[in-house]
Amino acid sequence: MIRHVTARDGLQLAYADQGTGVPLLCLPGLTRNMEDFEPVLEAFSDRARIITMDFRGRGASDYAPDPGSYTVPQEAQDVLSLLDHLGLDKVSILGTSRGGLVAMMLAATAKDRLSGVILNDVGPVIDTAGLDLIMEYIGRPPAYGSLAEAAAALPGANAPDFRNVPAETWAAMARRLWREEGGRLHLRYDPRLREAVAPAFDTSKPAPDLWPLFDALEGLPLGLIRAANSNLLSGDSTAEMRRRRPDMLFAEIPDRGHVPFLDEPGAVVLIFEFLDQVS
């Protein structure tokens, strides 16, 4: 059941709280929502308290009056509002893409609230190819007329980075990405997110140095899930992350691009091992 917490600026932020065990907060990607973590809930609800959250402007959360508040620092503050609301002193985070950046920001600004972090296909260096691809679609109306049409088209649209994906997984992804209403598909996030992120995604300008945020994870249990065909997290960046954190759990997921669905065997094993570390 979806619940809501009030952010410091009054926005209502959606979350769900299910399962039993060590708390694991799941933070979604830039345009995604809490439903992406349905496979995690299915696999681990008997071992972990799975808390999922929609960032402001996404999913069932309020859209901000000013899209300028769609930033990683603000989203980190929203996470702290949720933790305070739930009475949690500490939590582990499973962060997909943008959610992983928020986790690293929290490591740098509120490390005492973290028990550990899993990064899903994200690191301190974001490949420009991935940023350029995101800017091709973010904030724009869906190209498909129905969820069924979208589910049928997604395998081809995501080839060759994604292979050997069951049809039911694509159908679930379509449902998570869009809602069908009035004979057409609609975005499940504020389209003004495009204008909020465009300056940061300008690949003609030098990228900020995010390695200090990654290094702030020092001392925390850490895991990294990387898609073998990722266009956002390169092999070189991954190698440097592993060099800096040789204790980091690591899984590379074959036949996947950005981002793994988290139902893949390698991802499931890594999450299982991580939960053992933080339990």
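I began with Arg32, which forms a salt bridge with Asp36, and I noted 3.0 Å between the closest N and O atoms. The model I am reading is a predicted one, and I keep that in mind for each entry below.

I then looked up how accessible these two side chains are: Arg32 has a relative accessibility of 18% and counts as buried, and Asp36, at 10%, counts as buried as well. Both values fall under the 20% limit for a buried residue.

Next I turned to Arg49 and Asp17, whose side chains meet in a salt bridge with an N to O distance of 2.6 Å. This pair links distant parts of the chain, since Arg49 lies in strand S4 (residues 48-53) and Asp17 in strand S2 (residues 12-19), 32 residues apart. Here I found that Arg49 is partly exposed, with a relative accessible area of 22%, whereas Asp17 is buried, with 17%.

I placed Asp255 in the loop between strand S10 (249-253) and helix H10 (265-278), and Arg163 in the loop between helix H5 (147-157) and helix H6 (167-177), so that the pair links distant parts of the chain, 92 residues apart. Asp255 is partly exposed, its relative accessible area being 21%, and Arg163 counts as partly exposed at 38% relative accessibility.

I also followed the salt bridges that share partners, and these join Glu35, Glu38, Arg175, Arg176 and Arg188 into one network. For the count of salt bridges I recorded 22.

Terms used:
Residues are numbered from 1 along each chain as its sequence is written. This is a predicted model: local features need pLDDT of at least 70, side-chain atom pairs count only at pLDDT 80 or more; totals for chains, interfaces and linings use all residues. Side-chain values use heavy atoms; hydrogens and water are left out. A salt bridge is a side-chain nitrogen of Lys or Arg within 4 Å of a carboxyl oxygen of Asp or Glu. Helices (H or I, at least four residues) and strands (E, at least two) are DSSP runs, numbered from the N terminus. Buried means under 20% relative accessible area, exposed over 50%, partly exposed in between (1.4 Å probe, protein chains only).
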